[in-house]
Amino acid sequence: MDTSGAAAEPTALSRYDYMLYSIGAVAQTHVAMELTLRGLWGSLAALGYGGDTQQPPRGLANLVRRCGTSIRRLPVPATVKEAAAGVLELVVEATRLRNRVVHDYWIDVEPGELSSGWAGWVRTNPELPLDSIRSEASDQLYVERCRLQVGHCLVLISDLTQLLWHYVPVVQGGHPVDTVDELLDRLQRRL
């Protein structure tokens with residue numbers, strides 16, 4: 001018996017535990033994405049581009065909207081504003097996918113029962129009666145693709161922050177690593 005106090009590393013997860021782990025990975029990746037976007041908005045607000053109020057936006061939809069408004073006010077070229085709008089559109093889509101993964105009720109089914117892996121139960125409207133719940137086949141690959149898409153947005157927000165840094169001091173000290181052309185090219189290829 002290990003008495004060192006260190007947590008034991010799991011050697012293997014059951015299918016159900018791996019499903020829960022994967023859903024948690026989506027949630028944590030999304031939190032990192034939102035915090036990065038919130039940091040960008042905070043920097044823009046501190047520079048006077050936050051809009052009429054300095055109150056932090058509540059909810060991701062408001063955060064995306066206010067980031068978009070703040071960036072449109074910046075003294076940056078149209079290509080930068082267009083790239084920013086593309087990034088924010090992908091954030092909205094990734095959040096929609098994240099919400100499906102995190103808020104659906106996932107059940108573990110044997111392969112071939114309903115799908116190749118997992119099935120999710122989706123309520124189209126939480127106000128509807130329970131008998132309106134419908135099963136929608138999905139699988140582990142869907143959850144992994146969602147995590148990758150949210151992670152992709154995290155990288156895009158980081159690149160956007162570095163791009164804006166060339167024009168306004170959104171990061172204190174230092175200087176951007178990549179050039180404007182490199183960042184715009186990378187963002188345009190990834191959008």
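In this predicted model, the side chains of arginine 186 and aspartate 159 meet in a salt bridge at 2.9 Å, N to O. A salt bridge here is a side-chain nitrogen of Lys or Arg within 4 Å of a carboxyl oxygen of Asp or Glu. The pair links distant parts of the chain, with arginine 186 in helix α5 and aspartate 159 in helix α4, 27 residues apart. Both arginine 186 and aspartate 159 are buried; buried means under 20% relative accessible area, exposed over 50%, and partly exposed in between (1.4 Å probe, protein chains only).

The model is predicted, so local features need pLDDT of at least 70 and side-chain atom pairs count only at pLDDT 80 or more, whereas totals for chains, interfaces and linings use all residues. Residues are numbered from 1 along each chain as its sequence is written, and side-chain values use heavy atoms, with hydrogens and water left out.

**The charged network**

Aspartate 159 also forms a salt bridge with arginine 190. Arginine 190 lies in α5 and aspartate 159 in α4, so this pair ties together parts that are 31 residues apart in sequence. A further salt bridge joins arginine 186 to aspartate 178. Through shared partners, Asp159, Asp178, Arg186 and Arg190 form one network. The count of salt bridges comes to eight; three of them are tabulated here.

| Salt bridge | N to O distance |
|---|---|
| Arginine 186 – aspartate 159 | 2.9 Å |
| Arginine 190 – aspartate 159 | 2.9 Å |
| Arginine 186 – aspartate 178 | 2.7 Å |

Arginine 190, at 30%, counts as partly exposed.

**Helix α5 and the fold**

The protein chain contains five helices and three strands, running α-α-α-β-β-β-α-α from the N terminus on. Helices (H or I, at least four residues) and strands (E, at least two) are DSSP runs, numbered from the N terminus. In α5, Leu183, Leu184, Arg186 and Leu187 are buried. Seen down the axis of α5, these buried residues fall within an arc of 165 degrees, so they line one face of the helix; the arc is that of the directions from the helix axis to the C-beta atoms. The buried residues pack against α3 and α4, while the face turned away from them carries the exposed residues Asp181 and Arg189.

**Core and surface**

The largest nonpolar core has 42 residues, of which Leu37, Val91, Val101 and Leu164 touch the most other members. Such a core is a set of buried Ala, Val, Leu, Ile, Met, Phe, Trp, Tyr and Cys residues joined through side-chain atoms within 4.5 Å. Two or more residues come from each of α1, α2 (60–72), α3 (78–103), α4 (140–165) and α5 (180–190), and α4 gives the most, with eleven. Leucine 164 is in contact (heavy atoms within 4.5 Å) with Leu40, Ile71, Leu74, Val76, Val80 and Val170, not counting residues up to four places away in sequence.

Methionine 19, in helix α1, is buried at 1% relative accessibility. The C-alpha atoms of methionine 19 and glutamine 140 are separated by 7.2 Å, although the two residues are 121 residues apart along the chain. Tyrosine 21 is also found in helix α1 (residues 15–46), but is exposed, with a relative accessible area of 52%.

Of the 191 residues of the protein chain, 38% count as buried.
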